[in-house]
Amino acid sequence: MSTPHVVVVMGVAGTGKTTIGPLLADALGVPYAEGDDFHPPANIAKMSAGTPLDDNDRWPWLDAIGQWAHGRAGLGGVVSSSALKRVYRDRLRAEAPGAVFLHLTGDRSLIERRMADRKGHFMPTALLDSQFSTLQPLQEDEAGVAVDVSGTPEEITDRAVAALRRLAN
């Protein structure tokens with residue numbers, strides 16, 4: 001991409017945000033920030049107990065991600081955030097208006113298998129249904145692209161880089 005953008009890697013749990021985000025950042029030559037690191041301890045405890053977050057839990061988390069993205073404006077960066085609802089993406093854009101979204105999409109059964117194979121992650125597969133029911137895909141007026149998560153992490157990253165380059169042109 002000609003101008004360094006801040007890319008928010010979004011999608012339901014298990015789509016590979018934490019895997020693809022750093023690979024994408026490396027490919028673009030910008031820093032990566034793990035969205036889960038912006039969660040306050042109370043959010044992690046709630047999700048670890050199998051309880052979905054509500055919007056009041058998410059606002060401070062989204063604001064913290066948005067502030068990081070704002071600080072990277074004009075410099076570029078990649079940050080992960082589920083950003084499942086349009087209102088969440090609007091909140092991120094309020095802090096970082098130039099942010100673009102990379103929506104990692106995929107077949108539910110593939111995502112569930114990947115979640116089941118993860119070790120040591122606080123998000124249980126039991127919350128996947130709530131993630132899919134909450135998901136509002138990117139709308140036409142939102143800057144971003146959707147990329148399927150089938151294949152290897154490198155293949156997914158290559159598709160993401162190509163899609164983001166097309167978006168920038």
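Modeller: Helix 1 and helix 7 are oblique to each other (angles under 35 degrees count as roughly parallel, over 145 as roughly antiparallel, 65 to 115 as roughly perpendicular and the rest as oblique). This is a predicted model, where local features need pLDDT of at least 70, side-chain atom pairs count only at pLDDT 80 or more, and totals for chains, interfaces and linings use all residues. Residues are numbered from 1 along each chain as its sequence is written, and side-chain values use heavy atoms, leaving out hydrogens and water.

Colleague: OK, at what angle do helix 1 and helix 7 pack?

Modeller: About 55 degrees, with the axes of helix 1 (residues 17–28) and helix 7 (residues 153–168) 9 Å apart. Axes here are lines fitted to C-alpha atoms, for helices over the stretch in contact, and angles run from 0 to 180 degrees between N-to-C directions. Helices (H or I, at least four residues) and strands (E, at least two) are DSSP runs, numbered from the N terminus.

Colleague: Which residues in helix 1 meet helix 7?

Modeller: Thr-19, Ile-20, Leu-23, Leu-24 and Ala-27 do, and on the helix 7 side they meet Pro-153, Ile-156, Thr-157, Ala-160, Val-161 and Leu-164. Contact means heavy atoms within 4.5 Å.

Colleague: And how many residues of that contact are nonpolar, polar or charged?

Modeller: Nine nonpolar, two polar and no charged. Ala, Val, Leu, Ile, Met, Phe, Trp, Tyr, Cys and Pro count as nonpolar, Asp, Glu, Lys and Arg as charged, and the others, Gly among them, as polar.

Colleague: Switching topic: is Gly-77 buried or exposed?

Modeller: Gly-77 is buried, at 0% relative accessibility. Buried means under 20% relative accessible area, exposed over 50%, partly exposed in between (1.4 Å probe, protein chains only). You'll find Gly-77 in strand 3 (residues 77–80).

Colleague: What is Gly-77 in contact with?

Modeller: Leaving aside neighbours within four places in sequence, His-5, Val-6, Val-7, Val-30, Pro-31 and Trp-68. Pro-4 is 73 residues away from Gly-77 in sequence, yet their C-alpha atoms are 7.5 Å apart.

Colleague: Now Gly-106, where is that?

Modeller: In the loop between strand 4 (100–105) and helix 5 (108–117). Gly-106 is partly exposed, at 23% relative accessible area. Beyond four places in sequence, Gly-106 contacts Ile-111, Phe-132, Asp-148 and Val-149.

Colleague: Last one: which residues does Asp-57 touch?

Modeller: Asn-43 and Lys-46, not counting residues up to four places away in sequence. Asp-57 lies in helix 3 (residues 55–71) and is buried, with a relative accessible area of 17%.
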